[in-house]
Amino acid sequence: MENVYDFGLVGLGVMGRNFILNVADNGFTAMGNDLDTEKVKALIDEGGDTDRVNAVVAVSAFAKALSSPRKIMLLVPAGKVVDIVIDSLLPHLDKGDIIIDGGNSFFTDTDRREAYLAEKGIHFFGAGVSGGAKGARKGPSIMPGGSKAGYAAVQPIFEAVSAKYNGEPCVAYLGPKSAGNYVKMVHNGIEYGLMQLTSEMYDILKKAGKFSNEELHTTFKTWNDGRLQSFLVEITSKIVARKDTLTEGDLIDQILDKAKQKGTGKWTSQNAMDLGIPVPSIDIAVSMREISALKEERIQADHVYDRPEVATIAKDKLSTLTEEALYFSFIVTYAQGLHQLSDASKEYGYGLNIAEIAKIWRAGCIIRARLLADITEAFQENPSLTNLLLSPSFIEKIKGTVASARALVAFGATNGIPLPGLSNSLTYFDAYTSSRLPLNLIQGQRDFFGSHTYERLDREGIFHTEWEE
Ligand SMILES: NC(=O)C1=CN([C@@H]2O[C@H](COP(=O)(O)OP(=O)(O)OC[C@H]3O[C@@H](n4cnc5c(N)ncnc54)[C@H](OP(=O)(O)O)[C@@H]3O)[C@@H](O)[C@H]2O)C=CC1
Ligand SMILES: O=C(CO)[C@H](O)[C@H](O)COP(=O)(O)O
């Protein structure tokens, strides 16, 4: 079994098990490794032929089995585990071997690991993978960055296993250092935003339109046949239709309304703050998961305050309003995430090509959507586009849908239905498209209390006023 397998994979959990089977399905021999003997055995059983896909618990046997240069992908939980796995592999590796971190690692950890491993002659790069279990098995979107030489060695494997959009692989080398993990982080930030927005449309359809779960299923399914076609809308139509196996009702009505998070959305928001790039549709999606976690407090507060009785909107009308508002706010959320990527690219020297990123998100990943084909075109036509909202084709899309976003935000406020994702998207749009904002007053206040100075509209220079006689 020495030096025969083309590809190694550490971490045979949800993603790793599926990814390695995908590699084997594409004609590459693959060797897996996990601390858990059950997972090793399960992979061997599922693989069916150990010449094609095999697995071991011992790291030494795992390393010995791989052809040179070793190509080892890690799909283990982000954080300390990645460092532990790297250190456990190192004694068994040779110079020129390649380690790929396919998990959702924080981008600065990737930079640190790349430098640490470069000293030892090991190529290391981060390659975010998106698509969940099914994507990993059948074709994910893969976002590699870092060592170009390292990537070149695994490129044929990644191109074979990735999702295809019109025959084009949804993988591309994105840039140096942690570019791959950074892009995946922002992908997940956008994912948080789109999920929050979808949940708000679900809520208002139920509360103001009295849509049954069956009607919700049909509505989301119809949307998925149109311009809102996307993985998240598609799975929403399936989720609301699922019958519960433990009660008479539908499963969705029994799921506790507390959303968990592993950190990538929060990191996107935190880093956007560091860069000074506004991403309020993503920020609020993180905050909403935090508010959702306060279930007991929410119940207490619900008993204290009266809530307006929700007015009814006719189903047809509400269906149109929500479809348009969701389309509008999806665009605004992509616009914010892509704006963050453009800025991060300058700050960290990634040299990101936004059209290329949109292109590899068109299939395989969680935020895949018909819109991404239009976004790709917008950035291909104008690679230096600062914000999607300024692209001629998107101006038309926004103009055609913003009125519905306004109507729903107003309705939500009057009727006590929280629509924070939609309202943040609308507010971002209104602020970003205002040539004059009231922040002149903030400058005046800052100068008043702290002599922080201000600039003027009518002349150059830095000014300070003695505000009180
Ligand atoms: N699940 C998803 O939809 C997606 C996940 N990701 C990312 O991919 C990575 C993996 O996620 P996922 O597959 O869901 O996680 P899982 O927890 O399902 O799998 C991780 C696997 O790594 C194993 N492991 C832990 N420590 C070691 C070690 N020292 N040596 C060998 N194996 C080890 C775990 O074993 P044990 O359980 O015994 O500890 C487990 O089998 C994460 O970074 C995640 O954020 C990315 C995209 C989608
Ligand atoms: O990376 C992913 C998809 O692209 C994961 O599914 C994502 O990490 C889930 O995140 P969270 O648990 O924070 O909702």
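**Reading helix packing and ligand shells**

Modeller: In this predicted model, helix 8 and helix 10 pack with their axes 10 Å apart, at an angle of about 40°. That makes helix 8 oblique to helix 10.

Biologist: How is a pair of packed helices described in general?

Modeller: Two packed helices are described by the distance between their axes and by the angle between those axes. In the present case, the crossing of helix 8 with helix 10 is also right-handed.

Biologist: Which residues of helix 8 and helix 10 meet?

Modeller: From helix 8, Leu 194, Met 195, Thr 198 and Tyr 202 meet Leu 232, Val 233 and Thr 236 of helix 10. By class, this contact has 5 nonpolar, 2 polar and no charged residues.

Biologist: At what angle do the axes of helix 9 and helix 10 cross?

Modeller: The axes of helix 9 (residues 213-224) and helix 10 (residues 231-239) cross at roughly 155° and come within 8 Å. An angle over 145 degrees counts as roughly antiparallel, and helix 9 and helix 10 are therefore roughly antiparallel to each other.

Biologist: Is the crossing of helix 9 and helix 10 left-handed or right-handed?

Modeller: The crossing of helix 9 and helix 10 is left-handed. On the helix 9 side, His 217, Phe 220, Lys 221, Trp 223 and Asn 224 take part, and they meet Val 233, Glu 234, Thr 236 and Ser 237 of helix 10. This contact of helix 9 with helix 10 divides into 3 nonpolar, 4 polar and 2 charged residues.

Biologist: Let us turn to the domains and ligands. Into which domains is the protein chain divided?

Modeller: The chain comprises domain 1 (7-173), domain 2 (184-432) and domain 3 (436-469). Between the C-alpha centres of domain 2 and domain 3 there is a distance of 37 Å.

Biologist: Why does ligand 2 lie between domain 1 and domain 2?

Modeller: Both domain 1 and domain 2 give residues to the shell around ligand 2, so ligand 2 lies between them. Among the residues around ligand 2 are Asn 104, Ser 130, Asn 188, Glu 191 and Lys 260. Helix 8 (179-209) and helix 11 (264-275) each give two or more residues to this shell. The shell around ligand 2 has 1 nonpolar, 7 polar and 3 charged residues.

Biologist: Which residues come nearest to ligand 1?

Modeller: Of the 25 residues around ligand 1, Gly 11, Gly 13, Met 15, Gly 103 and Asn 104 come nearest. At least two residues of the shell around ligand 1 are supplied by each of helix 1 (14-25), helix 4 (80-89) and strand 6 (123-130). By class, the shell around ligand 1 comprises 13 nonpolar, 8 polar and 4 charged residues.

How values were computed: Residues numbered from 1 in each chain as written. Chains lettered and ligands numbered in written order. Predicted model: local features only at pLDDT ≥ 70, side-chain atom pairs only at ≥ 80, totals over all residues. Domains from an automatic or database assignment. Near = placed C-beta within 6 Å. Helix = DSSP H or I, 4+ residues; strand = E, 2+ residues; numbered from the N terminus. Nonpolar A, V, L, I, M, F, W, Y, C, P; charged D, E, K, R; others polar. Axes fitted to C-alpha atoms, helices over the stretch in contact; angles between N-to-C directions. Parallel < 35°, antiparallel > 145°, perpendicular 65-115°, else oblique. Left-handed = near helix turned anticlockwise from the far one by under 90°. Contact = placed C-beta atoms within 7 Å.
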